[in-house]
There are 2 protein chains.
Amino acid sequence: MSEMRIRSDFWERYLDIVRDCLIPYQWGVLTNRIVCSTPSYAVRNFKIAAGAEEGEFSGFVFQDSDLYKWLEAVGNLLAYEKDPELERKADEIIGYIAEAQEADGYLNTYFQLKEPEKKWSNLLECHELYCAGHLMEAAVAYARGTGKDRLLGTACRLADCIHRVFGWEEDKLHGCPGHQEIELGLLKLYDWTGEDRYLKLASYFLEIRGTNSYFEEEFERRGRISHWTQGPVEEPNRHYNQYPYSYYNQFHAPVRCQTEAVGHAVRAVYMYTAMAKAAVLCKDEELLRTCKSLWKNIAETQMYITGNIGSTPSGEAFTRAYDLPNDTNYSETCASVGLIRFSMEMLKAELDSCYGDVIEKALYNTVLAGMAVDGRHFFYVNPMEAVPEICEANPERNHIKTVRQEWYSCACCPPNIARTITDIRSLICSVSGSRICIHQYIGSELEAETGEGAIRFSLASDFPWDGRAKIRILQADGVYGEFALRIPGWCIGCRLAINGQKVRPEDFDTERGYLMVKRVWKAGDLLDWVMDMEPHFIQADRRVYYNAGKAALVRGPLVYCMEEADNGSCLHECRVDAAGDIREKWEKDMGGYCSLFIAGVRYRGRIQEKLYDRLAVQKEDVCLKAVPYFLWNNRGQGEMVTWVNVV
Amino acid sequence: MSEMRIRSDFWERYLDIVRDCLIPYQWGVLTNRIVCSTPSYAVRNFKIAAGAEEGEFSGFVFQDSDLYKWLEAVGNLLAYEKDPELERKADEIIGYIAEAQEADGYLNTYFQLKEPEKKWSNLLECHELYCAGHLMEAAVAYARGTGKDRLLGTACRLADCIHRVFGWEEDKLHGCPGHQEIELGLLKLYDWTGEDRYLKLASYFLEIRGTNSYFEEEFERRGRISHWTQGPVEEPNRHYNQYPYSYYNQFHAPVRCQTEAVGHAVRAVYMYTAMAKAAVLCKDEELLRTCKSLWKNIAETQMYITGNIGSTPSGEAFTRAYDLPNDTNYSETCASVGLIRFSMEMLKAELDSCYGDVIEKALYNTVLAGMAVDGRHFFYVNPMEAVPEICEANPERNHIKTVRQEWYSCACCPPNIARTITDIRSLICSVSGSRICIHQYIGSELEAETGEGAIRFSLASDFPWDGRAKIRILQADGVYGEFALRIPGWCIGCRLAINGQKVRPEDFDTERGYLMVKRVWKAGDLLDWVMDMEPHFIQADRRVYYNAGKAALVRGPLVYCMEEADNGSCLHECRVDAAGDIREKWEKDMGGYCSLFIAGVRYRGRIQEKLYDRLAVQKEDVCLKAVPYFLWNNRGQGEMVTWVNVV
């Protein structure tokens with residue numbers, strides 16, 4: 001796409017929130033002007049490393065990445081609209097970053113300031129390559145957004161430094177990162193610079209993984225010391241859950257032999273994203289097949305209905321097919337960000353609506369749920385149900401917060417939300433040959449350079465509230481083109497009219513879940529595409545034991561939940577009448593949303609003298625109100641439930 | 001009671017299992033003749049310490065206690081009936097124990113063999129006092145069962161050694177155990193020997209707790225080394241869950257100031273048991289009030305319907321009032337053994353049927369569930385529901401085994417079951433003044449020495465299957481006595497006839513849940529006491545969120561569950577019609593039991609192409625079979641559920 005502007009009330013509001021609240025707020029945190037639970041020190045670390053300030057390193061070993069992710073979001077924002085003041089701030093810190101870089105290109109404030117002799121000695125735990133990857137992503141975004149290449153230069157020098165240290169050659173280190181990210185960073189750097197060595201280095205990091213015992217050897221070399229305990233430990237990693245320790249970081253097998261998503265969910269999807277991107281860039285069919293089976297394993301067996309992943313807090317990890325508990329899951333916001341990126345790369349490899357479906361689920365439900373409507377409070381963990389008293393009392397549920405937090409000492413999620421929302425444009429549309437593929441119905445104005453010529457068009461939609469999308473050709477001059485319109489998985493009925501002329505459904509030309517409209521286009525042409533969004537109930541596959549007898553309410557891409565604010569406490573007493581009518585109502589609070597009303601029955605319990613007493617069933621008919629899952633917990637702390645028993 | 005014999009098919013069968021299977025099996029394990037996952041070495045450690053064998057200590061720091069608990073069960077068994085071969089085996093090992101004891105009375109094979117210079121240096125973690133307590137309990141049981149006092153002598157010498165080391169005096173150590181148990185051991189030793197110093201030492205250990213920073217000081221003295229990691233750690237204990245570390249071992253406050261049960265459940269109830277016993281022995285009203293509030297906190301807010309306790313595997317601990325998850329709980333068998341003992345001590349302090357109710361729940365449901373009908377497989381953890389696939393896949397549920405294990409390296413539960421069953425007689429009846437209190441309706445023949453004279457009587461019952469108990473006076477000679485018959489909490493209706501003469505319910509003389517029958521007794525008198533045992537459904541207090549809309553099926557003291565063996569898989573799809581009839585059927589397998597049949601509805605799910613698909617409710621009427629919870633998992637691995645949704 002040569003040009004794209006967002007024209008969506010819904011998304012422009014989110015972009016405003018990110019620009020006006022989240023980005024300044026994050027800046028405040030990174031510069032320690034806003035101090036939450038733990039001060040960040042991220043900017044200060046760079047100033048110290050640059051010699052501009054005195055002091056010691058503070059924060060986690062991966063603290064640098066928080067700043068890089070902020071810069072990536074800023075780059076995205078500046079591409080969207082100019083903001084001289086923000087750009088000045090960013091340029092200033094980019095200056096410090098450049099000055100902090102060592103002569104050979106090395107850059108990581110933790111090791112430079114705290115343990116200069118230990119560089120590259122603990123790849124498994126110490127996130128050096130992870131931080132480098134985020135620098136590369138930020139540099140490309142910033143170059144794209146501003147045309148400035150100072151950060152890009154820093155990133156390239158660091159990439160070159162890494163290239164001198166790591167690789168297949170005998171005199172180089174044969175390691176790879178404990179937290180994947182550099183693979184994708186290098187691929188983006190390759191995309192932007194065209195430098196072949198970055199592609200090769202990314203391939204190296206992917207392909208070396210799981211093929212040698214480098215992590216074990218470096219562990220022995222450093223005297224079996226763990227970064228986290230600063231003392232000797234028995235194994236390089238802790239065994240996690242029922243798996244050997246290598247599963248946690250996905251080095252249990254060469255990547256091409258991996259077929260099931262395992263281990264730390266964020267690490268996993270970051271790696272799969274890079275694998276998919278590399279497969280496309282290298283036209284590597286085998287690698288693509290691997291990616292497909294990993295993607296299918298996630299989407300078809302290990303993903304929540306809201307597009308979140310990671311069934312357990314133990315290792316923030318995947319567990320096994322169909323193990324999807326509602327009240328003890330982890331489902332990190334970052335993991336859904338990674339899943340969106342993985343799906344987007346898969347979509348570049350093959351047009352199939354399944355990818356856009358998952359992106360839509362993860363985006364509208366989990367990513368948006370990760371941030372309060374005030375843009376200043378965040379969820380790391382995204383449960384499918386929550387009772388504040390239980391989450392407070394029970395250790396297996398205590399990782400679930402029932403109030404969004406101001407910040408986190410390990411602050412990965414808020415910046416990830418920022419860079420996703422500011423880059424929302426990248427999810428809408430792709431062009432290949434004469435084909436213009438619409439993946440997400442986000443109101444926008446676009447110019448597509450097709451193989452046949454340029455087509456400028458507007459996409460008007462009120463997603464996620466209304467299922468109508470109008471594509472109007474603004475400029476085309478008789479260019480032939482194929483519009484491929486994703487038919488969402490949730491859509492039961494749809495209607496198309498071209499210039500007011502209805503197309504009969506039996507005449508629909510579809511291809512892997514996309515409706516194809518082939519035509520020579522001229523300005524003024526109008527595609528009127530309506531996807532039915534009636535709310536309805538969903539059931540999970542029977543093998544998801546946790547959801548037996550339960551249903552979830554959805555409307556279009558949105559999953560709904562019930563909250564205590566609307567329905568009182570003890571929500572688990574409620575059951576929904578899935579055969580009853582579902583009434584819609586437009587609400588004005590929380591930025592405006594469509595609420596749903598359903599009939600149900602409440603099995604009212606009683607506060608009784610004895611903990612256990614004779615059963616006396618007290619049923620009452622109730623009208624239940626459901627709100628979009630992504631808006632939960634914006635009206636104070638309270639219970640929430642997504643999967644509800646049916647009557 | 002001067003004499004007591006069990007005359008109950010049900011309990012004699014269990015005594016047979018313990019005598020014929022469990023005790024020999026445990027002996028095989030303790031002597032390494034049977035090797036399960038981890039060899040025990042418990043007997044070998046003593047032989048080495050006695051100089052009768054060469055070698056090194058093996059096993060946990062608390063390994064000695066496994067042998068002591070076995071000896072306690074053997075002592076109980078020998079009191080029940082002579083067994084020269086078993087007694088010979090026990091005497092032999094008692095000889096080694098005596099020879100292992102040091103001149104000053106010290107005895108603990110771990111420290112003697114492995115770290116002789118570190119005695120009493122790590123009370124928090126190293127279980128020296130815990131093992132000593134178990135020796136004392138075993139010694140008293142063995143003396144009672146055999147009349148022999150060699151083990152008692154060893155126990156007293158160790159108690160005296162401890163008495164020289166610990167106490168209020170300035171020149172003694174002011175510590176107390178990290179795992180409570182010695183308090184109860186000393187109180188039993190006092191009971192048996194009448195030596196006042198044992199009572200005082202027990203009181204010391206209780207009262208010093210939570211009043212000083214001894215655990216912190218010893219931690220500093222040993223250079224902050226943890227026994228478990230053998231390396232330095234930051235704090236004496238790990239913080240556990242949401243609580244400061246002192247809560248885990250209940251030294252967060254002086255015991256008299258504790259009102260809520262917290263921390264490791266077994267440690268907690270062992271301590272409360274000793275507190276209650278000390279309160280009675282010392283007529284300490286204040287301490288008794290503390291015990292009452294702790295007991296009520298457990299029984300009224302933190303106990304499962306099966307009498308098990310410990311809602312979380314994190315610290316094997318209590319969490320908070322009404323937090324009673326069904327699928328992630330810990331509920332260690334040992335904790336229920338401790339709860340029975342605590343309740344029994346409370347019963348000695350005050351006659352109230354609530355204590356007998358809890359004892360009955362814990363005994364018939366959890367303790368018996370802890371052992372397979374073969375006497376060779378055991379549960380440590382007692383869930384309220386379980387799905388094998390989930391327990392295998394999900395880390396928050398992986399501590400739940402869905403097949404009883406052969407043994408455990410930390411083998412506390414099987415010996416605890418053995419000593420409870422072999423001491424079952426102690427739970428039946430107590431005598432105080434002219435009052436003969438029947439707490440548990442376990443068929444038996446008893447002779448009570450009341451203040452007015454001796455009364456011999458038989459208690460005939462087919463508990464837990466039938467609610468009739470017949471008390472027949474065998475010998476009395478016109479002795480006045482008051483029979484106090486516990487009216488179980490589960491009993492809705494009851495009938496009494498004295499010598500064939502019905503007593504009208506309005507003439508019942510009751511006192512705190514006991515029916516009082518006052519009379520001058522003569523041989524041949526018959527009390528025919530019938531407690532209605534119709535099966536019915538129970539609901540939990542509304543604050544137990546996990547059980548909203550659910551019910552549990554009970555019959556008399558037994559809680560029932562549904563198993564996959566009878567009802568197929570995906571049990572969570574089933575709901576019970578709580579208003580329908582409940583049909584009883586006598587079954588011959590698993591030692592014979594009463595099964596229950598109930599009408600219900602199954603919300604049948606489907607294995608579908610998509611993980612999430614449009615809801616299509618498929619209900620079908622089903623007949624569900626329930627079996628006693630304590631018998632679950634005796635017919636192969638499969639799903640089990642206790643709390644079921646009602647229709």
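Predicted model: local features only at pLDDT ≥ 70, side-chain atom pairs only at ≥ 80, totals over all residues.

**Exercise 1. Work out the strand order of the open sheet in chain A, and find which strands stand at the edges.**

Solution. 
- Step 1: Follow the pairing from strand to strand. The 5 strands run in the order E3-E4-E8-E12-E11 (chain A), and they form an open sheet with mixed pairing.
- Step 2: Look for strands with a single partner. Those are strand E3 (429–432) and strand E11 (510–511) of chain A, so one side of each is left without a neighbour in the sheet.
- Step 3: Zoom in on one pair. Strand E4 (residues 435–438) and strand E8 (residues 479–486) of chain A are joined in the parallel sense by 4 bridges. Here you'll find Cys437(A) opposite Ala484(A) in E8(A).

**Exercise 2. Now hop over to chain B: trace the pairing from E5(B) to E6(B) and from E6(B) to E7(B).**

Solution. 
- Step 1: Strand E5 (residues 444–450) and strand E6 (residues 453–461) of chain B pair in the antiparallel sense, over 7 bridges. They make a hairpin, with 2 residues between them.
- Step 2: E6(B) also pairs with strand E7 (residues 468–475) of chain B, again antiparallel, over 6 bridges. This hairpin has 6 residues between its strands.
- Step 3: Pick out a residue in the middle strand. Arg456(B) in E6(B) is the bridge partner of Glu447(B), and in E7(B) Arg456(B) has Gln475(B) as its bridge partner.

**Exercise 3. Which domains does the assignment give for chain A, and how many residues of domain 2 are in contact with domain 3?**

Solution. 
- Step 1: Read off the bounds: domain 1 (3–427), domain 2 (429–531) and domain 3 (536–645).
- Step 2: Take the centres of domain 2 and domain 3 of chain A over C-alpha atoms; they are 36 Å apart.
- Step 3: Count the contacts. In chain A, 5 residues of domain 2 meet 5 residues of domain 3. On the domain 2 side, these are 4 nonpolar, 1 polar and no charged.

**Exercise 4. Describe how chain A and chain B meet, and how they are related.**

Solution. 
- Step 1: Size up the contact: 52 residues come from chain A and 52 residues from chain B. The chain A side has 23 nonpolar, 18 polar and 11 charged residues.
- Step 2: Find the main contributor. E14(A) gives the largest share of that side, 5 residues.
- Step 3: See what E14(A) does there. It pairs in the antiparallel sense with strand E20 (residues 612–614) of chain B over 3 bridges, and Ala540(A) stands opposite Tyr612(B) in E20(B).
- Step 4: In chain A, Glu396(A) has the C-alpha nearest the axis, 3.2 Å from it.
- Step 5: Compare the two sides. The copies meet through the same surface, because 100% of the interface residues of chain A are also interface residues in chain B.

**Exercise 5. Which residues have the most contacts inside the largest nonpolar core?**

Solution. 
- Step 1: The core has 442 residues, and the answer is Met275(A) and Met275(B).
- Step 2: Check the surroundings of Met275(A). Leaving out residues up to four places away in sequence, Met275(A) touches Leu206(A), Val255(A), Leu287(A), Thr290(A) and Cys291(A).

How values were computed
Residues numbered from 1 in each chain as written. Chains lettered and ligands numbered in written order. Core = buried A, V, L, I, M, F, W, Y, C linked by C-beta atoms within 7 Å. Buried ≥ 20, exposed ≤ 12 C-beta atoms within 10 Å, placed from the backbone. Contact = placed C-beta atoms within 7 Å. Nonpolar A, V, L, I, M, F, W, Y, C, P; charged D, E, K, R; others polar. Pairing = 2+ DSSP bridges. Least-squares fit on C-alpha atoms with pLDDT ≥ 70 in both. Domains from an automatic or database assignment.
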